Amino acid sequence: MSLHPTLQPYADAWTHSIDAISELVTPLVEGEWNRRTPCPGWSVRDVVSHVIGLDNEMLGDPRPIHTLPRDLYHVTNEHQRYMEMQVDVRRHHTAPEMTSELEYTIIRRNRQLRNESREPDRRVRGHVSTEVTLEESMRTHAFNIWVHEQDLRAALGRPGNLDSPGAHIARDVLLAALPKVVADDSGAPRSSAVVFDVHGPIEFLRTIRVDIQGRGTLETAPALGPAATLILDWETYVRLACGRVTVDSVSDKVKADGDPELSASILRNFTVTK
């Protein structure tokens, strides 16, 4: 293997999730591809189209030349328009066309990973004309594919892999976003702390400390007398952070202690995916 050791966990997580997705959708009959998923506006076919499109971009393929319809209610910004292009261009593809393209894409990506010799800090193409490091690109990609595996599992009634390699990468990606959620978006008081107690297939206890300048940092040490404590299960954490559910719809699964206004503000701003 020529893949840099730093990148191997992301390749392993992608492989685990993409194989799971292939296993989930290969036996589906035509009508099942139209099932609604928790991803706003997207069916099973749409999510798989997105997954194929993401991997095509990792391969460096040119983006499709396609004009989006004007009546897509879930497309409200430029990032969503960018993502929708790969989806809408496949909206009328049949089940065999979808599974064949997915299989071919997986074969090509596996070959790419076997031959990957670039360093983690190499700059590569990101989304919407951005550039990121190869490590950031592969980490984000592993996260995205796992989240969409969960979308498909929810739509098809096939729960699982909440503690898979992709789930652990998702934990780290979502935790990295917490300081901004608490300190910047939710207006936590300066010199305060907020604790997140998450249980389930993946468990963790993390503290966001807000310093005197209002900057938030992620810590593993518990806080004494936090301004707020949020207790919830891992699946609910993911669904909230990825915008798959509203706070009201999972209120029975979230316990909030401490300042109720701060807790409510954090939950309102909890979604970190675009």
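## Buried residues and how to read this model

A residue is called buried when its relative accessible area is under 20%, exposed when over 50%, and partly exposed in between, using a 1.4 Å probe and protein chains only. By that rule His148 is buried, with a relative accessible area of 7%. This is a predicted model, in which local features need pLDDT of at least 70 and side-chain atom pairs count only at pLDDT 80 or more, while totals for chains, interfaces and linings use all residues. Residues are numbered from 1 along each chain as its sequence is written, and side-chain values use heavy atoms, with hydrogens and water left out.

His148 sits in helix H5; helices (H or I, at least four residues) and strands (E, at least two) are DSSP runs, numbered from the N terminus. Not counting residues up to four places away in sequence, His148 touches Cys39, Trp42, Val47, His50, Val51 and Arg244, where contact means heavy atoms within 4.5 Å.

## The nonpolar core

A nonpolar core is a set of buried Ala, Val, Leu, Ile, Met, Phe, Trp, Tyr and Cys residues joined through side-chain atoms within 4.5 Å. The largest one here has 75 residues, and Trp234 and Tyr237 have the most contacts inside it. Helix H5 (residues 134-156) gives this core its largest share, 10 residues.

If you click on Tyr237, leave aside its neighbours within four places in sequence: its contacts are then Leu174, Leu175, Leu178, Val198, Phe204, Leu232 and Phe270.

## Where H6 meets H7

Trp234 and Tyr237 also take part in a helix pair: in H7 they join Val238 and Ala241 in meeting Ala167, Ala170, Arg171, Leu174, Leu175 and Leu178 of H6. By class, this contact has nine nonpolar residues, no polar ones and one charged. Here Ala, Val, Leu, Ile, Met, Phe, Trp, Tyr, Cys and Pro count as nonpolar, Asp, Glu, Lys and Arg as charged, and the others, Gly among them, as polar.

Helix H6 (residues 165-185) and helix H7 (residues 234-241) pack at an angle of about 60°, with their axes 11 Å apart. Axes are lines fitted to C-alpha atoms, for helices over the stretch in contact, and angles run from 0 to 180 degrees between N-to-C directions. H6 and H7 are therefore oblique to each other: angles under 35 degrees count as roughly parallel, over 145 as roughly antiparallel, 65 to 115 as roughly perpendicular and the rest as oblique.

Now for a second pair: the axes of helix H2 (residues 44-58) and H4 come within 10 Å and cross at roughly 30°. That makes H2 roughly parallel to H4. On the H2 side, Arg45, Val48, Ser49, Ile52, Asp55, Asn56 and Met58 meet Ala95, Met98, Glu101, Leu102, Thr105, Arg108, Arg109 and Gln112 in H4. The contact is made up of six nonpolar, four polar and five charged residues.

Arg90 lies in the loop between helix H3 (78-88) and helix H4 (95-114). Arg90 is buried, with a relative accessible area of 5%. Setting aside neighbours within four places in sequence, Arg90 contacts Arg45, Ser49, Ile52, Gly53, Asn56, Met98 and Glu101.

## Two loop residues with positive phi

Asn161, in the loop between H5 and H6, has a phi near 60°, a positive value in a residue other than glycine. Asn161 is partly exposed, with a relative accessible area of 22%.

Ser191, in the loop between H6 and strand E3 (192-199), likewise has a positive phi near 60°. Ser191 is exposed, at a relative accessible area of 54%.
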